[in-house]
Every structure is written in C-alpha cells, then in structure tokens.
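I opened the structure today and kept a running log. Below is what I looked up, entry by entry.

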Amino acid sequence: MTDLKVITGEIEKIAREAGNFIKNEVTRFDISKAEVKGLNNFVSYVDKNAEKLIVKKLSALLPDAGFNTEEGTVKSENKKYLWVVDPLDGTTNFMHGCPPFAVSIGLKEDSYEVAGVVYEITADEMFTAWKEGGAWLNGERIHVSSASALSESLVATGFPYSDFSRLDKYIELFTWFLKNSHGVRRLGSAATDIAYIACGRFEAFYEYGLHPWDIAAATIILREAGGKISDFSGNEGNLSGKEVVAASVAVYSEILGVVNKFMK
Ligand code: 2AM
Ligand code: CA
C-alpha cells in the first residue's frame with residue numbers, strides 16, 4: 001500500500017470537496033426535505049450525495065478496500081482495509097444552520113485505525129492523522145492539553161437523543177461533571193468533540209449510543225495527539241461507538257473511573 005502520509009493527503013482533498021458541497025447547501029437547505037430515519041435521526045439528500053461523492057473517490061484511491069458508511073450508499077464489506085465514513089457528522093446542526101458539522105473519514109487496516117480526517121466545515125478546520133505520523137490541524141502539529149485533572153478540564157458530551165435507557169444514570173454523571181470540572185459543552189458532532197480534545201480545546205468527552213463512523217477518524221487523530229479512547233470498560237479496540245470515553249492521556253484514567261462508577 002502507498003505511504004499513509006500520501007493517502008491521508010488524498011483523503012483530505014476528498015473531505016474538502018465533500019465539505020464544499022455541504023457548505024453550498026447550507027443556505028438553500030429546506031428543513032422539510034429531511035427524512036426521518038428513527039426518533040430524532042434525520043438524513044437528507046445532502047448527506048447521501050456527499051457520501052456518494054466520497055465513496056466514488058475513495059474507491060478509486062484504494063480499489064481493494066471495503067466500506068462502512070452511515071448512509072449505506074455502498075454495500076458494507078469487511079476487508080483488510082476498511083473505510084469508515086460519516087459524510088456529515090452533526091446533521092441536526094446542519095439542518096438548523098448551527099455550527100459545528102464535519103466530514104469524517106477513517107481508514108482501518110485489520111480493524112485498527114491507521115488514518116483519519118475530520119473536516120469541520122463551518123470553521124474550515126482540517127484535522128488529520130496517520131499511524132505514527134502525528135496529528136495535524138490545518139497543517140500544524142497538534143497535541144492534547146497539559147491539564148492533569150478533571151477539576152481543570154473542559155468536558156464535552158452528547159445528550160442522549162433516541163436511546164433513553166440509560167438517561168437517569170447519564171443525568172447523575174452529568175451532574176457530577178457540572179460540579180467537578182470547568183464545565184460541560186455539547187457541540188452536536190462527536191467527531192468534532194474528539195478532534196477538539198486532540199488540539200487541546202477540550203480535555204475529555206463521553207457519550208453513549210454512537211456509531212463507528214462517528215468516531216473512527218477522530219480516534220486516530222486523538223491517539224496521535226496524545227489521547228486515549230475506549231468504551232466505558234476501558235476496551236480500546238474495535239470501538240462500536242455504543243459507549244465512548246475519550247480524553248488526554250493525563251485525565252483518561254480519572255474520567256474512565258467516574259464514567260464507570262455512574263454508568264455501570
Ligand atoms: P450524526 O449527525 O452523523 O447523526 C452527537 O451527539 C452525535 O450523535 C453526533 O455525532 C451525531 O451524528 C449523532 N446524532 C445522531 N442523531 C442525533 C440527533 N438527533 N441529535 C444529536 N446528535 C445526533
Ligand atoms: Ca451523519
């Protein structure tokens with residue numbers, strides 16, 4: 001396979017092209033054109049057309065790779081190389097014209113993330129990383145923050161939006177963070193939340209009920225920037241997104257302990 005740095009550069013071009021398409025649609029988007037996939041789960045022609053564009057270009061880039069994409073415009077196939085794609089992470093924000101929303105493209109080799117691009121469209125911020133190549137924001141190296149405790153941390157989360165089975169525990173955990181951190185933010189795009197830990201804006205993130213495409217690209221960006229990501233039990237491999245704890249290495253153990261205490 002070609003050099004991962006070169007591949008990441010190509011993914012970046014594809015993410016920017018899809019991002020430009022999405023940006024052009026913001027002003028003309030008519031909310032009544034959204035379809036409902038499930039409770040509070042929306043999709044539109046914008047998500048689908050962006051995905052088709054991305055799939056076409058990625059197929060040309062690595063003809064032997066399989067796909068796992070949110071909108072399912074291509075058959076899911078598990079191969080040695082796997083593209084994990086969310087053409088538009090933060091669809092609800094997009095529909096309301098509210099930042100942030102992002103294109104998220106991850107590449108796995110034998111189930112392990114080896115390259116990732118998160119392009120946050122509204123701020124024109126391109127987060128990239130490849131295995132052992134570091135993490136980058138618009139071409140500059142990025143690192144997690146130097147905070148060493150949750151008491152010095154800005155924490156991001158996503159509110160439950162359709163699976164309310166763990167809502168009571170979630171609210172108790174939320175209350176704990178309100179009292180024991182610098183504050184809690186809810187941006188509405190998990191890929192962006194995790195990329196923001198990688199560049200030191202947030203120290204930590206937790207959410208349940210996500211999907212692989214929400215986190216695959218951001219996972220390698222965070223790891224290469226000095227962070228850790230796992231499920232609520234601390235498993236770091238094969239992340240499904242059902243449970244996500246992400247943080248700088250310095251606060252990861254502390255947040256894992258807290259999330260574990262409230263959510264288990
Ligand atoms: P999506 O926009 O690609 O669906 C934020 O909490 C995360 O949950 C986002 O990454 C978002 O990804 C996903 N999500 C799905 N439906 C949502 C909804 N109705 N409200 C908020 N987030 C949603
Ligand atoms: Ca999406």
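**Entry 1: Ala115**

I started with Ala115, which is found in strand E6 (residues 112-120). Helices (H or I, at least four residues) and strands (E, at least two) are DSSP runs, numbered from the N terminus. The model is predicted: local features need pLDDT of at least 70, side-chain atom pairs count only at pLDDT 80 or more, and totals for chains, interfaces and linings use all residues. Residues are numbered from 1 along each chain as its sequence is written, chains are lettered from A and ligands numbered from 1 in the order in which they are written, and side-chain values use heavy atoms, with hydrogens and water left out.

Is Ala115 buried or exposed? Its relative accessible area is 0%, so Ala115 is buried. Here buried means under 20% relative accessible area, exposed over 50%, and partly exposed in between (1.4 Å probe, protein chains only). I then listed contacts, meaning heavy atoms within 4.5 Å. Leaving aside neighbours within four places in sequence, Ala115 is in contact with Leu4, Thr8, Ile11, Ile105, Gly106, Leu107, Ala129, Trp130 and Ile220. I also checked Gly133: 18 residues separate it from Ala115 in sequence, and the C-alpha to C-alpha distance is 9.2 Å.

**Entry 2**

I took strand E3 (residues 66-69) next and found both faces covered. Gly66 and Asn68 are buried on one side, Phe67 and Thr69 on the other. E3 pairs with strand E4 (residues 81-89) in the parallel sense, over four bridges. Two strands pair if DSSP finds at least two bridges between them. Phe67 stands opposite Trp83 in E4, and Thr69 stands opposite Val85.

E4 is mostly covered, with nine of its nine residues buried. E4 also pairs with strand E5 (residues 102-109), in the antiparallel sense over seven bridges. The bridge partner of Tyr81 in E5 is Glu109.

**Entry 3: the calcium ion**

Which protein atoms are the donors of the calcium ion (ligand 2)? I found Glu70 (OE), Asp86 (OD), Asp86 (OD) and Leu88 (O), lying 2.2 to 2.9 Å from the ion. Donors are N, O and S atoms within 2.8 Å of the metal (3.2 Å for Na, K and Ca); water is not among the atoms, so sites may look incomplete. The donor residues are spaced E-x15-D-x1-L in sequence. Asp86 and Leu88 are buried.

**Entry 4: the five-stranded sheet**

I traced an open sheet of five strands, in the order E11-E10-E12-E14-E13, with mixed pairing. Strand E11 (183-185) and strand E13 (227-230) stand at the edges with a single partner strand each, so one side of each is left without a neighbour in the sheet. From one strand to the next the twist averages 15°. Strand E12 (residues 204-208) and strand E14 (residues 243-248) run antiparallel and are joined by five bridges. Tyr208 stands opposite Glu243 in E14.

Two helices that pack on this sheet came next. Helix H4 (residues 167-180) touches strand E10 (154-157), E11 and E12, and its direction makes about 165° with that of E12. Helix H6 (residues 212-224) touches E13 and E14, and its direction makes about 145° with that of E13. Axes are lines fitted to C-alpha atoms, for helices over the stretch in contact, and angles run from 0 to 180 degrees between N-to-C directions.

**Entry 5: H5 against H6**

I looked up helix H5 (residues 190-198), whose axis comes within 8 Å of that of H6 and crosses at roughly 5°. That makes H5 roughly parallel to H6; angles under 35 degrees count as roughly parallel, over 145 as roughly antiparallel, 65 to 115 as roughly perpendicular and the rest as oblique. H5 contributes Ala190, Ala191, Ile194, Ala195, Ile197 and Ala198 to the contact, and H6 contributes Asp214, Ile215, Ala218, Ile221 and Leu222. H5 is mostly covered: nine of its nine residues are buried. Gly200 follows H5 and has a positive phi, near 90°.

**Entry 6: Ser153**

Where is Ser153 found? Ser153 is in the loop between strand E9 (140-141) and E10. Ser153 counts as buried because its relative accessibility is 0%. A polar atom of its side chain lies 2.8 Å from the backbone oxygen of Ala149. Not counting residues up to four places away in sequence, Ser153 touches Ser181, His182, Gly183, Glu203 and Val251.

Technical notes: Polar contact = N/O pair within 3.5 Å; in protein donor to acceptor, adjacent residues only side chain to side chain.
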